[in-house]
Amino acid sequence: MAAKISGFNDSNIRISTQELLHQIYAALDRGETEFEVLSSGHHNIGGPFWSVEGKPLKFRVKNPGQRIGAFGLEGTQIIVEGSTPADAGWLNAGAELIIKGDSGDTTAHCAASGKIFVAGRVGARSGSLMKHDPAFPAPELWVLKNTGSFAFEFMGGGTAIICGIDCEGRDSILGDRSCMGMVGGTIYVRGPVKNLPEEVWLLDLNEADTQFLANGLPTFLENIERPQHLEQLTDFNQWHKITAKSEVERRQRHSMRPTMREFRLNQWVGDGGIFGGLIDDDYTQVAGMVNTGEDRLKIPHWQNKAFCAPCESACPSSIPTQDRINLLRQGKYKEAIELVLNYSPFPGSVCGEVCPNPCMDACTRQFIDLPVSMPEIGKLSLEAESPEPKADTGKKIAIIGGGPGGLSAAWHLRLLGHAPTIIEADKEVGGKLRQVIPTDRLPADSLKTEIDRIKKLGVEVKTNTSIDTESFKQLQQDYDSIVIASGAHTPVVIPFSGHERLVKGLEFLKDFNNGKNPTIGEKVVVIGAGNAGMDVCLGAYAMGAKQVTAIDIQRPAAFKKEIDHFEKLGGKIEWPVFTEKVDAAGLHSKDGRLFAADTVIISIGERPDLGYIAREWLDERGMAAVDDCGQLTQAAGIFAIGDTVKPGLLTHAIGHGREVAEYIDSYLAGEKLVAKHKPVMISQEYLSKELFRPHNRSRFHMADATKETNRCLSCGTCRDCSMCLEACPEGAIRREDTEDGGFEYISDDQYCIGCGICAGMCPCGIWGMELTV
């Protein structure tokens, strides 16, 4: 039984083309191969579709829109019950399209293979640019009646059959000015034609022609349900064929025409020429219309990794996920899961659990269906082995603070061969990852696994050690460089009336995560609806609150998934709300509302406590004053990262840790520090997203992260698909292995004509075209 696909919803309202196509995708995913489609002008039905098992597909369509059967593939049959608008069978690549009525303009335009049967007329410019690749069956266009004007313009291959039924009284069944620019292919016509260009021949049929028609006409008439015309159409005396003249035949016709050189010298720049006296050129060397070498207008360049992927650009740690996925695609699983450790020591606990994943917000795949699942890919690296550190340098670096930024800096410094020591005031390192984030968001085992990996690499850790002015001076004497990564742990409190009643959100979360079970009332109001505020709200429910309300002065900044989780528990968010005072009744807003509460918790951010360093080392905000390389402007060799410089996400601190490790490595080597910048992100216009089949968003389920290799576009990084090599019409592109085990694609100037096909179809945007003029 055929799958029913409707272009209308349950309220009988027309749905979008995208929604209708997603119904078809979903049915294909279920294994359906036959479809009955009730359309209402929806376009692109019938192609390009395929079944995973390679089974033939059959579509019966009513009321289609433009481009029915466009890009149709071999093994697909599309039957239209009635007429179609423009572009039917456009770029047909092997499908069989049966139209039981008339077809609009540009039917079979650019068709490259497959068969199109039309039971009526076709519109203007039908058959234009038909072509034939000898590696595949030639395209065929069968039309029962006649065509509109300008049919078969620039036809390069294939076969068209125009039967001329019900065309009595017409002076041309091909309309006006057909076959202009035709250079290949064959057109069989039954009936009068006029105004053919001089570049084509109108010939009688030979035996092979009549045999072709005798074999094909019964099938055509059966498909369109018009068998009664067979006798009339097999009177082959009424038929002629049109073919293009050869290059030699065309040249003979133009033998009296001046050569290009004669035209240039005599009519262009010579005496009496329109540019005579302005240009001094003997035209001894004139570039042709299609050129190679230095005469090309555009030259292709293989720009592998010249631009970074959107995910890499958006990631604070600059993790090249496209490289990880390419390694997975090559079957190099171990190398793939270990690669990320060169950029972050927290692929499982942060990338996989608590990161807001800005990489996914930037992922190109979202414009096709859904972003690549970065958290699942990150979790693959939870148990990955550490990279081998470089040889020991003997240089010692003190890192104040064992939060995500400090741990990241220590990790990367150790990989560079240095000896980092983390000095942590708490009983264990981890910072807010361990102290604040609830374990239902960040499993304790995941975090412990990755912290243990850092320690095992050779990072020294000193816990329960606070830093004051004197101990900081001692660090300056004992270490070659210092990283200030103590974060922000002083809660911000607004001094409105009753502020002394407030519970500080950071202290609440620390007590909650340490198992101290802080006491709260049944009704809780949380000031602040960011991600930290949502953590406080969830902690309040865990501690027995019956009703929790979060308020903010602006649209909540928390991530949607955190808000959804909170609201699912019964929580409410109110904004904008400006606090007037807090008293025993609860929180009073400036517009006169009372938010009844037994406990009011404030969670609107924290500030760093940098009292252990000189005041002149701070900026006007009380943050560490640093240059573009993270080095204190007033103290060489001392660097600051994370919230001590600027409030940010945990991922920003991790990224800062990697950056500062590289700057310290240069500093210790006596090199001048130069700020590093990310490569330019590749533009979406260079990526061929249409080459990738979209998944049904509502049905997509990530069961195996390694399968994301099929979805990642590998933006800006060659995925070694060889499409450019196979598509180059001149065979000018070759692939070569490199000494480092990689590869490169090379365009040979001797053969390349600068057509740009390589750049146009590269899915990754690797090929760039350089203008030479």
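Axes are lines fitted to C-alpha atoms, for helices over the stretch in contact, and angles run from 0 to 180 degrees between N-to-C directions. The model discussed here is predicted.

Q: At roughly what angle do the axes of helix H9 and helix H14 cross?
A: Helix H9 covers residues 347–354 and helix H14 covers residues 444–456. Their axes come within 8 Å. The crossing angle is roughly 145°.

Q: Which residues of H14 make the contact with H9?
A: From H9, the contact is made by Pro 347, Gly 348, Ser 349, Val 350 and Glu 353. By class, the contact of H9 with H14 has 3 nonpolar, 3 polar and 3 charged residues. The H14 side is made by Ser 446, Leu 447, Glu 450 and Arg 453.

Q: How many Å apart are the axes of helix H12 and helix H19?
A: Helix H12 spans residues 404–415, and helix H19 spans residues 650–668. The two pack at an angle of about 35°. Their axes are 7 Å apart.

Q: How many nonpolar, polar and charged residues has the contact of H12 with H19?
A: H12 contributes Pro 404, Gly 405, Ser 408, Ala 409, His 412 and Leu 413. H19 contributes Leu 650, Ala 653, Ile 654, Gly 657, Arg 658, Val 660, Ala 661 and Ile 664. By class, this contact has 9 nonpolar, 4 polar and 1 charged residues.

Q: Are H16 and H17 roughly parallel, roughly perpendicular or oblique to each other?
A: The axes of helix H16 (residues 505–513) and helix H17 (residues 531–542) come within 10 Å and cross at roughly 50°. Angles under 35 degrees count as roughly parallel and those from 65 to 115 as roughly perpendicular. H16 and H17 are therefore oblique.

Q: How do the residues of the contact of H16 with H17 divide by class?
A: The crossing of H16 and H17 is left-handed. On the H16 side, the contact is made by Gly 505, Phe 508, Leu 509 and Phe 512, and on the H17 side by Ala 532, Asp 535, Val 536, Gly 539, Ala 540 and Ala 542. These residues divide into 7 nonpolar, 2 polar and 1 charged.

Q: Is Asp 598 buried or exposed?
A: Asp 598 is placed in the loop between strand E24 (594–596) and strand E25 (599–602). Its relative accessibility is 53%. Because exposed means over 50%, Asp 598 counts as exposed.

Q: Which residue has its backbone nitrogen 3.1 Å from a polar atom of the side chain of Asp 598?
A: Not counting residues up to four places away in sequence, Asp 598 touches Gly 521, Glu 522 and Lys 523. The backbone nitrogen lying 3.1 Å from a polar side-chain atom of Asp 598 belongs to Glu 522.

Q: Is Thr 549 buried or exposed?
A: Thr 549 is located in strand E20, residues 547–551. Beyond four places in sequence, Thr 549 touches Val 524, Val 525, Val 526, Lys 572, Glu 574 and Phe 595. At 11% relative accessibility, Thr 549 counts as buried.

Q: Is the peptide bond from Trp 575 to Pro 576 cis or trans?
A: Pro 576 is found in the loop between strand E21 (572–574) and strand E22 (579–583). Omega of the bond from Trp 575 is near -5°. The peptide bond is cis.

Q: What is the relative accessible area of Arg 177?
A: Arg 177 is found in the loop between strand E8 (156–162) and strand E9 (184–190). Phi of Arg 177 is near 55°, a positive value in a residue other than glycine. Arg 177 is partly exposed, with a relative accessible area of 41%.

Conventions:
Residues are numbered from 1 along each chain as its sequence is written. This is a predicted model: local features need pLDDT of at least 70, side-chain atom pairs count only at pLDDT 80 or more; totals for chains, interfaces and linings use all residues. Side-chain values use heavy atoms; hydrogens and water are left out. Helices (H or I, at least four residues) and strands (E, at least two) are DSSP runs, numbered from the N terminus. Contact means heavy atoms within 4.5 Å. Ala, Val, Leu, Ile, Met, Phe, Trp, Tyr, Cys and Pro count as nonpolar, Asp, Glu, Lys and Arg as charged, and the others, Gly among them, as polar. Angles under 35 degrees count as roughly parallel, over 145 as roughly antiparallel, 65 to 115 as roughly perpendicular and the rest as oblique. A crossing is left-handed if the near helix is turned anticlockwise from the far one by less than a right angle, and right-handed if clockwise. Buried means under 20% relative accessible area, exposed over 50%, partly exposed in between (1.4 Å probe, protein chains only). A polar contact is a pair of N or O atoms within 3.5 Å; within protein, one must be able to donate a hydrogen and the other to accept it, and residues adjacent in sequence count only if both atoms are side-chain atoms.
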